[in-house]
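Let's explore a protein model together, one question at a time. Take a look at the sequence and structure first.

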Amino acid sequence: MINLELPKKLRASANQAHQVAQEIFRPISRKYDLAEHDYPVELDTMAAMVEGLADSGTQKIGGAAGGRSDDSDADRHATELLGNTNGGNMSALLNALETSWGDVGLMLSIPYQGLGNAAIAAVATDEQLKRFGKVWASMAITEPSFGSDSAAVSTTAVLDGDEWVLNGEKIFVTAGQRSTHIVVWATVDKSLGRAAIKSFVVPRDAPGLSVARLEHKLGIKASDTAVLLLQDCRIPKDNILGSPEVNVEKGFAGVMQTFDNTRPLVAAMAIGVARAALEELRSILTAAGVDISYDAPANNQHAAAAEFLRMEADYEAAYLLALRAAWMADNKKPNSLEASMSKAKAGRTGTDVTLKAVELAGAIGYSQRTLLEKWGRDSKILDIFEGTQQIQQLIVARRVLGKTSAELK
């Protein structure tokens with residue numbers, strides 16, 4: 001029998017993240033939704049807290065603690081005996097869920113907890129993990145010429161002596177202005193196609209790197225979304241993540257491994273927002289005299305109660321899919337299919353639940369008296385970035401049918 005109960009260590013970490021969401025994020029959520037591009041100064045205290053937790057060996061608060069499971073002999077022995085382990089990916093997922101329950105825009109703005117950190121954890125060498133262990137890294141993939149087709153990267157990286165020279169433009173970079181480093185996807189040889197796409201860690205003060213503008217957005221307004229220009233941008237030779245060698249047979253797998261870590265995290269964000277909306281909606285329905293029963297069939301209950309039960313079931317399904325994807329990553333099992341399944345299900349569930357909650361709450365939901373309408377706006381991006389709903393379904397279809405990207409487009 002599968003035991004879905006979280007271990008004590010992870011429950012403590014998730015509870016700590018929930019307290020941050022409740023005591024820090026929720027009280028300032030509306031403030032920074034109305035003050036787009038203002039830096040949430042309250043998060044300055046978070047930087048010191050996160051650094052202290054990292055130094056003490058405690059799991060991080062935000063969503064970037066994922067990556068490789070501990071490879072110590074003790075952990076390997078425990079895995080052999082018990083058959084499973086819960087490590088950084090599971091902890092990161094739970095923390096992302098809890099903090100997004102508070103405010104997903106603020107969660108994405110926590111210092112030193114960027115999506116680029118998860119990318120570093122996924123593909124960096126041991127030496128790079130030590131060197132970039134305390135940076136705040138955003139991730140720059142999308143360009144003006146493409147959105148979902150990550151293989152169409154046109155930003156170039158040319159080796160010049162002991163430095164890489166990067167040229168290109170990156171758009172929709174989360175925390176692109178505030179982060180200390182940016183993980184940039186670039187090609188080292190356009191003639192070799194997607195196999196030549198590598199990820200590079202670019203320091204904020206690297207010569208040739210600049211912020212062209214900040215985007216105005218529908219939601220997650222507490223988080224800055226930037227357009228970055230790389231004009232003869234120079235970085236050290238060893239800032240290329242993983243191996244600099246181009247392996248045509250391996251193809252795009254190296255950099256795409258990043259998504260196997262980050263997509264379950266984005267799924268967790270959507271699940272956190274959905275849970276927040278469900279809890280708020282239940283309070284509103286209860287106050288209106290609508291009883292939600294788990295004993296009576298849904299078709300024998302109030303229409304709003306039946307809708308609530310349907311959405312709650314979708315929420316549970318998304319949660320379990322995300323747990324599975326993170327568990328597989330921690331146990332070094334290939335999880336590309338499960339990562340995409342969790343992202344697709346959670347992204348769709350997040351938008352469905354939050355917008356339906358606004359509808360069922362009526363005028364209260366549409367007003368700013370609660371955070372329901374904000375969660376409806378925030379949730380949409382979670383079905384778009386890190387691979388749109390349509391891309392996730394395409395990836396799932398390829399995996400299930402055994403088709404290549406060339407065979408099924």
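This is a predicted model: local features need pLDDT of at least 70, side-chain atom pairs count only at pLDDT 80 or more; totals for chains, interfaces and linings use all residues.

Q: Are helices α1 and α4 roughly parallel or roughly antiparallel to each other?
A: Helix α1 covers residues 8–33 and helix α4 covers residues 88–102, with their axes 7 Å apart. They pack at an angle of about 25°. Angles under 35 degrees count as roughly parallel. The answer for α1 and α4 is therefore roughly parallel.

Q: How many charged residues are in the contact of α1 with α4?
A: Among the residues making the contact are Ala14 and Arg26 of α1, and Leu94 and Glu98 of α4. By class, eight are nonpolar and eight are polar. The number of charged residues in the contact is two.

Q: Is Arg282 buried, partly exposed or exposed?
A: Arg282 sits in helix α8. Its relative accessibility is 29%. Buried means under 20% and exposed means over 50%, so Arg282 counts as partly exposed.

Q: What separation do the C-alpha atoms of Arg282 and Phe308 have?
A: Phe308 is one of the residues in contact with Arg282, along with Ile292, Tyr294 and Glu312, leaving aside neighbours within four places in sequence. Arg282 and Phe308 are 26 residues apart along the chain, and their C-alpha atoms are separated by 7.9 Å.

Notes:
Residues are numbered from 1 along each chain as its sequence is written. Side-chain values use heavy atoms; hydrogens and water are left out. Axes are lines fitted to C-alpha atoms, for helices over the stretch in contact, and angles run from 0 to 180 degrees between N-to-C directions. Helices (H or I, at least four residues) and strands (E, at least two) are DSSP runs, numbered from the N terminus. Angles under 35 degrees count as roughly parallel, over 145 as roughly antiparallel, 65 to 115 as roughly perpendicular and the rest as oblique. Contact means heavy atoms within 4.5 Å. Ala, Val, Leu, Ile, Met, Phe, Trp, Tyr, Cys and Pro count as nonpolar, Asp, Glu, Lys and Arg as charged, and the others, Gly among them, as polar. Buried means under 20% relative accessible area, exposed over 50%, partly exposed in between (1.4 Å probe, protein chains only).
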